[in-house]
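Here are my notes for you, written as numbered points. Keep the model open while you read, and look up each spot as it comes along.

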Amino acid sequence: MALILDHVTYEYGSGTELLVRALDDVSLVIPDGQFIGLIGHTGSGKSTLVQHLNALLVPTSGNIYYNGEDIHDKDFSRKRLRSKVGLVFQYPEHQLFETDVFTDVCFGPKNLGLDRKETELRAFQALKQVGLPDECFYQSPFDLSGGQKRRAAIAGVLAMKPEVLILDEPTAGLDPKGRDEILGLVSSIRKESGMTVILVSHSMDDVAEYVDRIIVMSRGGIRFDDEPKKVFAHKGELEEMGLSVPQVTDVMYALREAGWAVGTEAITIEEAKQEILKC
Ligand code: ADP
Ligand code: MG
């Protein structure tokens, strides 16, 4: 069932001079099984929003519901929520802290109270799922490459068998190859498991090809929430928010301005090719 934000506002430094309203009256329904791209430039409120979904932050006002239950009700188990709504942090260094990768990935399932055998089985499965080579299992997480650290952090969340997987800027700091590998991995995890995935990024190019829905944030609010093609139709407004449409879409816009009768909806290179061949 769904995750729902109902008129959620969040202020950092409430009651001080340093007050920042990071979320401003955000309402949102996230149904099961959707692959969502959450996009916005730095400071737009993306990380603040996703930290509400697993109760790491408590709204200043408004409510959050998971499967029809208010996650801040007295009897609601937030520990269980965090195993069902798994968040991979923006900086994997904030998530990895054990002496070796395997122990790190065991942390979540162990904390859920699973016995050692089940914990270790889940950790092995999760590490295989993210494609980390065996020789990494007993290394310090801090000796891994940027891409491998991301994989280890993702494995730590997958080992809890979440229903919702949230990745906060999983491609930040990676080179183009590392970026494509992580996006390919996330997409294949989604296909295999059918779980809800929320991928946070400041780049439309990261999500355009993969997601069912794009939510665009700016200044703590939601500006667009629609299927990718419909969002990219707002090229001018996106640019005003410091965002750009995917490169392929941008090329189609340029061709159109140059007088070619092409549609501007193409997202993938293949779609662009077909559109250009039509002329
Ligand atoms: P994003 O993830 O889109 O970059 P954030 O959710 O991190 O955006 O930040 C939203 C706003 O809240 C920004 O203005 C940011 O400076 C502010 N902010 C984020 N974290 C804190 C914090 N711990 N204390 C005070 N202000 C914060
Ligand atoms: Mg962020």
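1. Before going on, some ground rules. This is a predicted model, where local features need pLDDT of at least 70 and side-chain atom pairs count only at pLDDT 80 or more, while totals for chains, interfaces and linings use all residues. Residues are numbered from 1 along each chain as its sequence is written, chains are lettered from A and ligands numbered from 1 in the order in which they are written, and side-chain values use heavy atoms, with hydrogens and water left out.

2. Back to Phe76. Look for it in the loop between strand S5 (69–70) and helix H2 (78–84); helices (H or I, at least four residues) and strands (E, at least two) are DSSP runs, numbered from the N terminus. Which residues does Phe76 touch, leaving aside neighbours within four places in sequence? They are Tyr66, Glu69, Asp70, Ile71 and Leu81, where contact means heavy atoms within 4.5 Å.

3. Now the sheet. Four strands form an open one in the order S2-S1-S4-S5, and the pairing is antiparallel. At the edges sit S2 and S5, each of which pairs on one side only. Two strands pair if DSSP finds at least two bridges between them, and S4 (residues 61–66) has 2 bridges to S5. Tyr65 stands opposite Asp70 in S5.

4. Ser47 (OG) and Gln90 (OE1) coordinate it at 2.1 to 2.5 Å. Donors here are N, O and S atoms within 2.8 Å of the metal (3.2 Å for Na, K and Ca), and water is not among the atoms, so sites may look incomplete. Ser47 belongs to helix H1 (residues 46–53) and Gln90 to the loop between strand S6 (85–88) and helix H3 (101–111), so the pair ties together parts 43 residues apart in sequence.

5. Finally, two backbone angles to check. Most residues other than glycine have a negative phi. Asp25, in strand S2 (residues 20–30), isn't a glycine, yet its phi is positive, about 55°. Its relative accessibility is 44%, so Asp25 counts as partly exposed. Arg219 also has a positive phi, near 50°, and lies in the loop between strand S9 (213–218) and strand S10 (221–226). With a relative accessible area of 72%, Arg219 is exposed.

Notes
Buried means under 20% relative accessible area, exposed over 50%, partly exposed in between (1.4 Å probe, protein chains only).
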